[in-house]
Structures are given as structure tokens and as C-alpha cells.
Amino acid sequence: MTQAPAPHQANPAIVAEQLTKTFAATTAVQGLSLTVFPGEIFGLVGPDGAGKSTSLRMLATIMNPDSGSARVAGFDTNRDAASVKDHLAYMSQKFGLYQDLSVGENINFYADLYGMSRRGRQARIEELLDFSHMRPFIRRRAGDLSGGMKQKLQLVCALIHTPKVLLLDEPTNGVDPVSRRDFWRILHRLREEQVAILLSTAYLDEAERCDRVGLIDHGRLMATGTPAEIKLLMEGRIISIKSSKARQVVHALRGLPLARSVNLFGDTVHLVCAGGTVCEEQVATLLNQAGAKYQQIRETEPSLEDIFVSLLGEQVQADLPETDKIFQAATTEKDDQPAVQVQHLTRRFGSFTAVDDISFTVQKGEIFGFLGPNGAGKSTTIRMLCGLLAPTSGSGTVGGSDIHLETEHIKQHIGYMSQKFSLYEDLTVTENINFYGGIYGLAGNRLEDRRNWALAMAGLDEHKTSLTRILSGGWKQRLALACAILHEPPIIFLDEPTSGVDPLSRRRFWDLIYAMAEQGITVFVTTHYMEEAEYCDRIALIYGGKMIATGSPVELKTKAMRDKIIDLRCPDPQALISPLKELPEIRDAALFGTGLHLVTPDAAAAESAVQRLLADLGIQGAAMETITPSMEDVFISLIEEVDRRNGNTPAKKEPQP
């Protein structure tokens, strides 16, 4: 579609020329050509199954291309793979960890592989343990870590030496926002050390931080350029509508003549229209007529996710099947009870308390979000509620059934999608669906109807005869969700269901979740996408095994956070983080999309101090405004408040070189 010239550099660290890879009748990568230079972060984005992982595997010499060539760190990937590996670090989507080794033993094993001396490695290990907040778990078995913590450990192992080229395949999937911020600090420091970084990501806000971006679909590179250049592909204007009833706004606007597309982003709706200056007035009139509440309407610059949805939406997003004709009314035998009720629930593993005296209630038909950083106790709580793990103490009911005494009954009347794929890799997509249907007693026409629905919901009709092991991570997530809800359970537990899933698939998941909730089905969901937390009716935040906040998204954003948030848009925001943190008026500064979010107890004093700093540094073209905190701001602020109260090192602390 468009090919932007790369920055002028003498010797690129990665050169791919017409790389092509075919699996049976499927062309995974077709004619891929790109360059990445030392000191550059290049982001590869695209929908599930677009060819991102296959491209990285060819560059990492794990997979040979059918045609084309590549050079990494100056060495040909086909003829000199050993030399490539000496100058390369690669982090795959699949955990390359030894489950029976401890965290420390895994790190030392990778240090041995890279030939690091015992004396020289310790400072690097100490630094990476601080960055990843893995120090308290140094002696824990890798197999006992949560999915997100395994992801962080794998990143630590990949970074144990400083390579010339770093390949990262969706490295922050399942990683909480605090750790994602730390991760990007490390990436920028590696960039300053002239490491060439090529990463794929499902987080489009992360792609905004890359020097250049490549948009890939069906194995073809459709566009490359800086994020600003890619955004020029957007046709029409974007009107941003902020609303606490954002889905109501979407329904009011979708299908209208002025709307090219209407997309949901947390508590904000982006309307793409071709109109002139009257577009905002038309939108306000239409929403008022529909009785849809909103807080703000204004034109905004497109984000990369807007571009992603605009360019790829019509190609890869199929309509959802008619859930109202497939799902039956959700009922339980004890219909007068709350869907989930927990009192003083605790779970210990030896001397470690994973869940510490938590209590909450979830009503029928509610979408209940359970948030927390990696290792906070989310998955442990869900496993207790699903009858898979006995509590140490406390009580609870699920669908009116006791989590101590009626675990088998609970298992038959819930849906559960775990972090780990509960799929059989050697079965086809259809065979997995048939297997789970049989477990839940589906047969005959009923099983056929549910199987057809599941394939359509997951967008896997074209892959129904494919072996599950060859599916991309995102497609596996879709299949796992389909199997979890095949039997129409009245209560569904989803443990990070959209981890590693592209923005279009996430929309598909959440449209389905809302359709189920409207029919009385209860959805208990954990997520690290803070935008998704906005879609929940209520949210509970758990940290260190303890509940630290509960409420609706609006309540948490307006009442739970004492500090103010200043949104700062400026050139090279990463370089400003350190000087901003030195200002006494600023409590914290962190990357947020293409800009910075500044945390301060006094917005007016902070804005004056920032303006003085920008003037002293000679920085022009910056824009500031005090905004309502995002869920990510609330999430990080509440966690750091607990850390300060407990005298722990705040999560915001940047690791020292």
C-alpha cells in the first residue's frame, strides 16, 4: 500500500528481501522485505495469523524460508546461522523456560548459553530482577509462576546479554501495565546502546512508541513508516465522544449515513466521518435525540488502532452469529442466590499467601472485572471458584453451590477459560470442539448447531480442519473461548481471554460478552488491557493477594485516585521522563500512547513547573491538559499507594544502569 523509506544509516542490522514461507496450501509470509537499523525499534503489527511470528522465526534462523533471503547482524540467516545466533536474542510467544528449574536457575542457564562469565553476569542479573520485580520469586519454580510472570521471566532470560539484534514476538502479552512501562524503559535503554529491535505486538499503543511500524496482513507488508506517516493513510475525520455509556453511544451512531465507522475504545467512541466542521454538531444532535449520555465531543488525531481497524476491519471482521437464537436463557438451580459470593477467602502455598482474606459478591448478569498485576492472586482465586483448588480458609458459593462441598456440580455449570491453553494440540479445530461438546453432554443436532456457532464466533470456519498446534496464539485464544462456552453455562470465568489477540478480535470477544450478559449470563473476567476494564459493570483490584479497591469504572476513576493526571504531548517523550521526575511537583511520569501522563497532587503548580522545564530545555510544540484518569492511571496509582504505605520500593522506580 505504501512503503516509507528507512532512516539513512550505513549498515542495517536486519535486512529481509522477499521472504516467503508456505505451509501446505497456506502462504504464511509472502514477499516480505524490510530493514531495521541499529538503535531503531521497528514494530510489526497485524491481525491474528497475519504472519508476524513466522517472519520473526525466519529471521531468528529457527525456520528456513521457501524463497528470499535475510541478513541479521551482517550474517546470512541461511548460510551462517551460528554467527547470527551469537549476535541475536529472540523471545518467542511460547515459553522457553525449564519448568522444574527456579527463576534464578533459569536465568543462570541462559547466561551460560550466552557464554557470560560468572563474575560478569551478576550485575546484569540484579538489574533485570529489579526491572521485572522478580526478585521475591528468585527461588520459585518456573512451573509455579503465573502466565504473566513466566512472560516476564522469559524476557529477563532473553535480555541476559546485550545483543546486536533483539527479536521479540509479542513480549508483553499477559504482562500488567506496571511491568509494561518498565519493559519499555529497558527497550529504550537498549535502543540508546544501538541495539536493533524488531518486535511484534498486539498492543497498538505500544506500536505508537516504535520508530517505524510495518502493517502486515495475509503475509504481505501493506505499509511501513513512522507512526505519523502511517496515520496519513486515514481517510476522513475522527470525532471522539467520551461517555460513561459508551456502548449506548455506539448503538446510536452505528449505521448512520455520516458514520464511515464507529469504534469503541474503553469509555471513548471514535466516529470516522467525512463531514466538515458541522460533524460535531450533527453528532451532538443525534445523541441528544437518542437519549445517549456523553461528557465530551471533539475532533481528535487518529491513533494507530484507528488505522488498523480502518484498513483491516472489512477484511477480517465477520459479523457475530445471532447469539439470541443460539443462547438459551441462563438459569441455575439456585436462582435466588448471587452468581458468586466470597467471604474471607484465603489460599496459602506453604509460607506464601497467594490470596489473603478477600470478600466480594457478583450479581447475575454482571460483567465483573478482576484486575491486578502479575502474581497478585487473580488466577488462584478463579481456580478456587471453579472447584479446581481448595481454599485454605474462608467460604464461597458459585451459582449457589458451595466451593468446598459441591465442586463437581460447579464444574458442570460454569465455563472456564484458563490462561494456559486447555486445548489438544494434535486434534483439529473441529475435533477439539467435538471433544468439549461431548464432555458437556452435547450430541446430535445440538452439538452440530453449537459447533457451527462456535466456528463462526471464533472466525475459524476456514481453519476447522487445521491442527490446533499450527494456529497462531490469537486463533488458539478464540478456539479456547469457543470451547469454554459451548455448553451455554450461566456463569463464565475468563482468565485473560484476549491476551495476544488483535484489536478486531478483542472487539469480537467483547461483543459476545455483552450479548451473553444481556441474556443474564454472568461473566467474571481478568484482563491486563485497561481499556477492557472500562467495559465491566464493576471492577475489583487485587494486589499482593489483598483486595485494595472495588467499584464501577467511573467510581474508581473519579473517587479512588487522589492525584491529578496531566496529559503531556511533546517531541521525544521518553527523553523527558527523567527530568520531569526530578520536579518536586511531579509524583510520577510515564509513557502513555504517544505522550506522557504526569501524576501530581497539584495540577496548576505542576503545569507551571513543566512549562518552565520545557522552556529551559528549548522544547517547543508541547501541549498539556489536566484529564480524567484512565483506568491504567488508577491501576498504577493505587498499587504505588499501597507500596508507599507498606514502605516497599514503589513500582514506578526506574532501574539504574
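Two strands count as paired here if DSSP finds at least two bridges between them; helices (H or I, at least four residues) and strands (E, at least two) are DSSP runs, numbered from the N terminus. Q341 has T361 of β17 as its bridge partner. Two residues sit between the strands of this hairpin, and G350 takes a positive phi near 65°.

A word on the source: this is a predicted model, in which local features need pLDDT of at least 70 and side-chain atom pairs count only at pLDDT 80 or more, while totals for chains, interfaces and linings use all residues. Residues are numbered from 1 along each chain as its sequence is written, and side-chain values use heavy atoms, with hydrogens and water left out.

Next come the sheets. One is an open, antiparallel sheet of four strands, ordered β13-β14-β12-β15. β13 (261-265) and β15 (296-300) are at its edges with a single partner strand each, so one side of each has no neighbour in the sheet.

Another open sheet has four antiparallel strands in the order β27-β28-β26-β29. Its edge strands, β27 (588-592) and β29 (623-627), each pair on one side only, and the twist averages 25° from one strand to the next. Five bridges link β27 to the antiparallel β28 (residues 595-600), where V599 is the bridge partner of D588. Helix α21 (residues 573-581) lies across β26 (564-569), β27 and β28, running at about 170° to β27.

Finally, there is a helix pair. α17 (residues 473-484) and α18 (residues 503-518) pack at about 10°, with axes 11 Å apart. That makes α17 roughly parallel to α18 (angles under 35 degrees count as roughly parallel, over 145 as roughly antiparallel, 65 to 115 as roughly perpendicular and the rest as oblique). Q477, R478 and L481 of α17 meet S505, F509 and L512 of α18.

Key: Axes are lines fitted to C-alpha atoms, for helices over the stretch in contact, and angles run from 0 to 180 degrees between N-to-C directions. Contact means heavy atoms within 4.5 Å.
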